[in-house]
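Here are my notes for a colleague opening this structure for the first time. Please keep the view open while reading the points below.

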Amino acid sequence: MKRLFPILSVVTAALLVYALYEALVIAPTDALQGDVYRIIYYHVPSAWTAFLLFFINFIASIQYLVSAKAATKNAAKWVVIGIGVVGVIACFLPQVQRLIPAGMRPSAVATTVLAIPAFYFLIGRLFPGPKLDVLAVTSAEVGVVFCTIVLITGPIWARPVWGIWWAPGDIRLTSTLVLWLIYVSYLVLRRFSNSAQTQMLAAALAVFGALDVPLVYFSIWFFRTQHPQPVIGGGGSMDPRMLHTLLDSWIAFLFFAFLVCWSRFRLELLHREIEEAHAMESLVGAGVAAKASLPLGRSSQ
Amino acid sequence: MNAVKFLFAAYIATWVIHGIYLVSLVRRFGRLRQQLKEFGKK
C-alpha cells in the first residue's frame, strides 16, 4: 500500500496535466461562448465529484447509524435491497416513466438507483465499524472542497456569459449554496462538539443534508432556472471532442479526489489513535492518582 | 480576449483552493506526528 500512493500520485499528476492540455488545446472553441466555456472542464467535474463524495458520506452515515443495533442493521440491509429492486423495476413502468424528466433515459435512472445498494454493501464491507465514521468525515470534508470550487468557478463563468456573477433566487445556484452550508455546518459540528453523541448527530445531519443533492441535480429539469440544461443524460448535445475532454477531466479529478481522501482518511485514523492514547494515559494517570489518595492500608485493594 | 481572463481566473482559483487544502492536510499531519513524538518520549 505504501508503494501504491506515490505510483498513484504520478498517474494522477499525468492525468491532470493531460486533462488540462485537452481542455485548453484539443477541445474546440464554443461557437457562442468562445474560450470561456472551457471553465466547464473544471466546474462540472468538480460538481460531479462533490456529489459523489456527498453520496459516499450519506451511505457511510446511514451505515454508521444503523450499525448500533444488529436488528436495525439487518432491517436496513433488506430496505436497501428493496430500494434497488423496486427502483429498477419502477424505472421501466410507463406510469413512472411519465414522471421522469424529458430527455432523461430510464436506464440512466435505473443505474443510479442500483448504485445505492452497490455502494451500501461495498462501503459496509470495506469500512467496518468505526472506520465508517472516519469515511463519513473524510468524504464530507473533501466534498466541501470540491463544492467550494463549484461555487467559485460558477460565478466566474457566469459573469462573462450571463453578465452577472450570481442569479439571486435561482434554484440551482441557491440549492448548491445550501448544500455547501449544510456540509460546512456538519464539519463545524464535528470540529467543535465534544459530546459523546457528536458522531451520531453528525451522521443524522448528513442523512438530511444528502437530501439536498437530488434537489440540486434535478432542479434544472423541474424548475425554470438561469443555469443551462445538462449536457449528459438530459437530451442536450455536445461536440464529441468536448464530451471526451469533459469525461477525461472528470477521471483525472476522480483520481485526485481519491488520493486526497486517502490522505485525509489516514490523517483521521492517526488523530483518533493519538486521542485514544491520550485518553488511556489520562485514565492510567487518574488511576494512579486515585490509588495514591487512598489510605495506605486500602491502596492494595 | 477579456473573457479569457475569466477562464484563467477559474482555473487558478481551482488550484489555489486545492493547494490551500493540501497544505492544511500536510500541516495537520505534521502536528500529529509531533504529538506522536512527544507521546513516545513519555
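1. Start with helix H1 of chain A, residues 4–26. Its 23 residues should span 33 Å at 1.5 Å a residue, and the end C-alpha atoms are 31 Å apart, so the two values agree. The expected span is 1.5 Å times one less than the number of residues in the helix. Helices here are DSSP runs of H or I with at least four residues, strands are runs of E with at least two, and both are numbered from the N terminus. H1(A) has these buried residues: Thr12(A), Ala19(A), Glu22(A) and Ala23(A). A residue is buried if 20 or more other C-beta atoms lie within 10 Å of its own, exposed if 12 or fewer, and partly exposed in between, with C-beta atoms placed from the backbone.

2. A word on the source. This is a predicted model, in which local features need pLDDT of at least 70 and side-chain atom pairs count only at pLDDT 80 or more, while totals for chains, interfaces and linings use all residues. Residues are numbered from 1 along each chain as its sequence is written, and chains are lettered from A and ligands numbered from 1 in the order in which they are written.

3. Next, the scores. The model has ipTM 0.93 and pTM 0.88. In chain B the average pLDDT is 90, and 95% of the residues score at least 70. The pLDDT is the predictor's confidence in each residue, from 0 to 100.

4. Chain A has ten helices and zero strands. Read from the N terminus, its elements run α-α-α-α-α-α-α-α-α-α. Its C-alpha atoms fill a box of roughly 90 × 45 × 40 Å along the principal axes. Of its 301 residues, 30% are buried.

5. Chain B has one helix and zero strands. The box for its C-alpha atoms, along the principal axes, is roughly 60 × 5 × 5 Å. Buried residues are 12% of its 42 residues.

6. Look at H6(A) next. It has 32 residues and reaches 45 Å from first C-alpha to last, close to the 46 Å expected at 1.5 Å a residue. The helix is mostly covered, with 24 of its 32 residues buried. After H6(A) comes Gly163(A), with a positive phi near 90°.

7. Now helix packing. Two packed helices are described by the angle between their axes and the distance between the axes. Axes are lines fitted to C-alpha atoms, for helices over the stretch in contact, and angles run from 0 to 180 degrees between N-to-C directions. The axes of H2(A), residues 40–66, and H6(A), residues 131–162, come within 7 Å and cross at roughly 155°. H2(A) is therefore roughly antiparallel to H6(A). Angles over 145 degrees count as roughly antiparallel, under 35 as roughly parallel, 65 to 115 as roughly perpendicular, and the rest as oblique. By class, the contact of H2(A) with H6(A) has 18 nonpolar, ten polar and one charged residues. Nonpolar means Ala, Val, Leu, Ile, Met, Phe, Trp, Tyr, Cys and Pro; charged means Asp, Glu, Lys and Arg; the others, Gly among them, are polar.

8. Within H2 of chain A sits Tyr42(A). Tyr42(A) is buried, with 25 other C-beta atoms within 10 Å. Its C-alpha is 10.0 Å from that of Phe146(A), 104 residues apart along the chain.

9. Finally, two residues to check. Met238(A) lies in the loop between H9 and H10 of chain A. Met238(A) is partly exposed, with 15 other C-beta atoms within 10 Å. Pro240(A) lies in H10 of chain A, residues 240–293. Pro240(A) is exposed, because 7 other C-beta atoms lie within 10 Å. Pro240(A) and Pro28(A) are 212 residues apart in sequence, yet 10.0 Å apart in space, C-alpha to C-alpha.
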